[in-house]
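Work through the exercises below with the sequence and the model open. Try each task before you read its solution.

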Amino acid sequence: MIYLQLFYEFFKTGLFAVGGGLATIPFLSAMTDKYTWFTKAQLADMIAVAESTPGPIGVNTATFAGYNAAGIPGAIIATLSLVLPSYIVILAISRALHKFRDNIYVNDAFGGLRPAATGLIAAACYSVMIIALSGTTLFGCIDLRHLILFALLLIATNIKRLKKLHPIVFIAVSAAAGIAFRL
């Protein structure tokens with residue numbers, strides 16, 4: 001039964017998360033409320049690790065969630081079911097799209113998908129921000145230490161001299177600060 005649930009949830013996520021890996025985050029967040037496969041804190045950790053490692057964020061998180069839920073078979077099912085809708089859709093429309101490339105309705109449909117993808121990514125950013133800044137010190141929902149680290153990194157990434165640094169430097173500094181201050 002768990003394999004069917006994994007297949008259904010991740011197939012649905014793969015089918016409706018238009019816009020890439022970040023667009024899967026609202027779906028993954030909803031899964032934390034429905035199932036015990038992973039927690040919101042684990043989701044935040046998965047996003048952090050998936051963003052700093054090679055590979056798509058959606059695939060990485062699906063693999064982790066599937067593994068948490070049902071071991072290696074669960075990881076395989078979750079990962080394959082996440083990518084299966086894209087594969088099916090691409091197979092189905094690849095030939096037809098070439099024929100209808102100049103069709104105004106096709107162009108308008110793709111034009112309508114852009115704001116939807118942007119909205120899903122914005123919702124994902126908001127979810128990640130709330131998870132990252134959650135705590136109990138400021139207004140009962142924002143941890144002041146997280147907010148200060150966020151502000152310092154935002155300022156540092158916009159200083160002209162520091163903009164030349166590789167992003168891994170900022171990831172390493174953030175990881176060190178998280179370990180040192182138990183963020």
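## Exercises on a predicted model

This is a predicted model, in which local features need pLDDT of at least 70, side-chain atom pairs count only at pLDDT 80 or more, and totals for chains, interfaces and linings use all residues. Residues are numbered from 1 along each chain as its sequence is written, and side-chain values use heavy atoms, with hydrogens and water left out.

**Exercise 1. List the elements of the protein chain in order from the N terminus.**

Solution. Start with the counts: eight helices and one strand. Helices (H or I, at least four residues) and strands (E, at least two) are DSSP runs, numbered from the N terminus. The order is α-α-α-α-α-β-α-α-α.

**Exercise 2. Check the span of helix H8 (residues 167-180).**

Solution. The expected span is 1.5 Å times one less than the number of residues. H8 has 14 residues, so it should span 20 Å. Its end C-alpha atoms are 20 Å apart, which agrees. Now look just after H8: Arg182 takes a positive phi of about 50 degrees.

**Exercise 3. Describe how H2 packs with H1 and with H3.**

Solution. Take H1 and helix H2 (residues 25-34). Their axes come within 10 Å and cross at roughly 155 degrees. Axes are lines fitted to C-alpha atoms, for helices over the stretch in contact, and angles run from 0 to 180 degrees between N-to-C directions. That makes H1 roughly antiparallel to H2 (angles over 145 degrees count as such).

Next, take H2 and helix H3 (residues 40-52). They pack at about 150 degrees, with axes 9 Å apart. H2 and H3 are therefore roughly antiparallel too.

**Exercise 4. What lines the second largest pocket, and which residues are closest to its centre?**

Solution. A pocket is an open set of points on a 1 Å grid over the protein atoms alone, where a 1.4 Å probe fits, with protein on both sides within 12 Å along at least five of seven lines; lining residues have an atom within 4 Å of a point. This pocket holds about 540 Å³ of space. It has 21 lining residues; closest to the centre are Gly14, Ala17, Val18, Gly19 and Ser86. Helices H1 (2-16), H4 (57-99) and H5 (104-133) each supply at least two lining residues. H4 gives the largest share, nine residues.

Technical notes:
Points joined across faces, edges and corners; volume = space filled by probe spheres on them. Parallel < 35°, antiparallel > 145°, perpendicular 65-115°, else oblique.
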